[in-house]
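Biologist: Could you take me through how to read the sheet and the ligand site here?

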Amino acid sequence: MAHPDNLFLDGVTLCAGHKTILDHVTLTVPITGMTLLAGRNGSGKSTFLKACLGLVRLQNGVLLVKGQPPETACKQIGYMPQGLNDAALMIPAISHVMAAMNGAQWGVSLPSRNRRENAERLLALTGALSFARRPLGLLSGGERQRVCLAQALTDNPKTLLLDEPLAALDHEAQHQIVSLLDTLTRELGISILMTSHETEALDGKVSRILKLENGSLHV
Ligand SMILES: Nc1ncnc2c1ncn2[C@@H]1O[C@H](COP(=O)(O)OP(=O)(O)O)[C@@H](O)[C@H]1O
Ligand SMILES: [Mg+2]
């Protein structure tokens with residue numbers, strides 16, 4: 001059912017270039033709490049997250065994220081793409097967060113003082129305030145992920161789509177990020193759909209695992 005807690009697919013076919021990622025998939029699954037999107041490298045996890053945001057078109061079928069088509073749903077989704085491009089590494093952490101504000105809205109943006117205060121609030125929430133003024137390129141992997149999470153949290157999203165947020169982190173940093181994500185789901189009621197190969201760090205924290213393989217998606 002196209003329920004506000006669900007991810008809903010009806011006859012969805014999704015391709016990336018010549019590769020078929022989803023082949024006529026019909027599935028309804030809740031995405032409250034933390035959901036892990038698993039699958040081998042190249043199975044199409046990143047492409048599927050982009051389809052949920054309306055960045056990649058379906059070949060066929062209907063996809064609804066929390067009851068809404070991707071183009072509408074994306075206004076209430078925070079997205080953390082896989083990896084950071086080199087250009088971002090020179091930018092101070094706080095500017096990275098401020099740059100994303102009002103990204104999905106029309107109209108007049110917040111005055112810069114409010115934007116700064118808002119960015120500081122988000123950086124504090126993710127434990128990144130103490131390095132807010134340092135360029136991303138000079139931060140550790142775990143520190144950088146905290147800044148990227150603060151960026152994804154701008155505009156108060158109800159859902160977060162996180163693409164490999166634990167990649168390239170040591171075990172301790174992985175556990176810290178997972179515990180932060182767990183807090184976001186429990187205290188702010190945010191639904192998290194994330195890709196990761198680090199299943200050990202996620203032990204006991206994910207509500208369900210969605211497996212993407214050979215053109216199918218199942219729980
Ligand atoms: N824009 C594109 N054009 C052509 N092929 C693509 C494109 N994007 C992704 N692919 C291919 O689709 C497959 C799935 O990619 P991706 O979604 O990045 O997988 P995953 O995130 O699971 O590793 C890969 O084989 C990749 O090379
Ligand atoms: Mg990927």
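**Sheet and ligand site**

Modeller: Strands of a sheet pair through backbone hydrogen bonds, either parallel or antiparallel. In this predicted model, six strands form an open sheet with mixed pairing, in the order 5-6-7-3-8-9, where strands are DSSP runs (E, at least two residues; helices are H or I, at least four), numbered from the N terminus, and two strands pair if DSSP finds at least two bridges between them. Strand 5 (77-80) and strand 9 (216-218) are the edge strands, each pairing on one side only.

Modeller: Local features need pLDDT of at least 70 and side-chain atom pairs count only at pLDDT 80 or more, whereas totals for chains, interfaces and linings use all residues. Residues are numbered from 1 along each chain as written, chains are lettered from A and ligands numbered from 1 in written order, and side-chain values use heavy atoms, without hydrogens and water.

Biologist: In which sense do strand 5 and strand 6 pair?

Modeller: Strand 5 and strand 6 (residues 159-163) pair in the parallel sense over four bridges, and Y79 stands opposite L161 in strand 6.

Biologist: Which residues surround ligand 1?

Modeller: A residue counts as near if one of its heavy atoms lies within 4 Å of the molecule; among those surrounding ligand 1 are K19, R40, G42, G44 and K45. Helix 1 (residues 45-52) gives the most to this shell, with three residues.

Biologist: Which backbone atoms lie by an oxygen atom of ligand 1?

Modeller: A backbone N or O atom of G42 lies 2.7 Å from an oxygen atom of ligand 1, and one of G44 lies 2.9 Å from an oxygen atom of the ligand.

Definitions and conventions. A polar contact is a pair of N or O atoms within 3.5 Å; within protein, one must be able to donate a hydrogen and the other to accept it, and residues adjacent in sequence count only if both atoms are side-chain atoms.
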